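Visitor: I would like to learn how to read a few features of a structure with some care. Could we go through them one at a time?

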Amino acid sequence: DDTTETDEDTSVSVNVVGLLRGSDAVASAQAVMVGGHLDHLGTDPNGAVFPGANDNASGVAITIEVARALAAQRTTLLRSVVFVAFGGEEEGYLGASAYVQRMAAVPGRPESLVAFLDVDAAGCCGDALGASAENASLQSRVDAEVQRLGIKGGTPTGGSDHQVFARARVPAVLVQWTDPILHTYADTIGVVDLRHVQGTGDVVTNVARSLAQSH
């Protein structure tokens, strides 16, 4: 968990972590991470609400569905898969930083992670989907899967939790469409659509499965 303080009050936020343990006695000590952030901007001082449907309810929903899909195939997974819904991303990646600094369990510690697929603002918009460029090998894996599924490829450039893991030397990329809606009152459930959610979910599921099925 992590705590953020302002001049006015103290807020407490948590990371929600799940583990799908791999079937191989040795390889299961390594893990693929899939996750996204729980929080959004809340309300303006005038009371106007930032709904946060795409940024980032979509990423958390996709993470849950990836977990469901991989759990149904758990006997084929040699490595473990860690699923995380991070708190405090909008305040400066606080949940991701707390995870990197405090996670003590294996699999799960940064040095046990072979990849982190960060799903942020992935429920719309635009025609191009891809991975950011922090790790060339992982980016290539994601982009190859995007191409295989017949989706137009692109390179997102937004900041998110993956950057904390990249600095900790974990292979990490952001998976996102290249024209996201975020940080606006217009980010309602109406902007999220099945094509974008399913496309992102299929890519992340397939890449995570491939990594988890490897030694």
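Visitor: Does Cys 125 count as buried or exposed, and what is its relative accessibility?

Guide: Please keep in mind throughout that this is a predicted model. The cut-off for calling a residue buried is under 20% relative accessible area. Cys 125, at 14% relative accessibility, therefore counts as buried, and Cys 124, at 0%, counts as buried too.

Visitor: Which residue is joined to Cys 125 by a disulfide, and how should I read that bond?

Guide: In general, a disulfide is a covalent bond between the sulfur atoms of two cysteines. Here the disulfide joins Cys 124 to Cys 125, with an S to S distance of 2.0 Å, and a search of the whole structure finds one disulfide. The torsion about the S-S bond of Cys 124 and Cys 125 is about -70 degrees, so this disulfide is left-handed.

Visitor: How many aromatic pairs does a search of the whole structure find?

Guide: A pair of aromatic rings is described by the distance of the centres and the angle of the planes. The search finds five aromatic pairs in the whole structure. Among them is the pair of Phe 86 and Phe 116, which is edge-to-face, with 5.9 Å from centre to centre and 65 degrees between the planes. Because Phe 86 lies in strand 5 and Phe 116 in strand 6, the pair ties together parts that are 30 residues apart in sequence. Phe 86 is buried, with a relative accessible area of 0%, and Phe 116 is likewise buried, at 0%. Ring pairs also link Phe 86, Tyr 99, Phe 116 and Phe 165 into a cluster.

Visitor: Where is Glu 145 placed, and which residues is Glu 145 in contact with once its neighbours within four places in sequence are left aside?

Guide: Glu 145 is in helix 3, which runs over residues 136-148, and Glu 145 is buried, with a relative accessible area of 11%. Leaving aside those sequence neighbours, Glu 145 is in contact with Val 203, Asn 206 and Val 207.

Definitions and conventions. Residues are numbered from 1 along each chain as its sequence is written. This is a predicted model: local features need pLDDT of at least 70, side-chain atom pairs count only at pLDDT 80 or more; totals for chains, interfaces and linings use all residues. Side-chain values use heavy atoms; hydrogens and water are left out. A disulfide is a pair of cysteine sulfur atoms within 2.5 Å. Buried means under 20% relative accessible area, exposed over 50%, partly exposed in between (1.4 Å probe, protein chains only). Helices (H or I, at least four residues) and strands (E, at least two) are DSSP runs, numbered from the N terminus. Contact means heavy atoms within 4.5 Å. Rings of Phe, Tyr and Trp (its six-membered ring) pair if their centres lie within 6.5 Å; planes under 30 degrees apart count as stacked, over 60 as edge-to-face and the rest as tilted.
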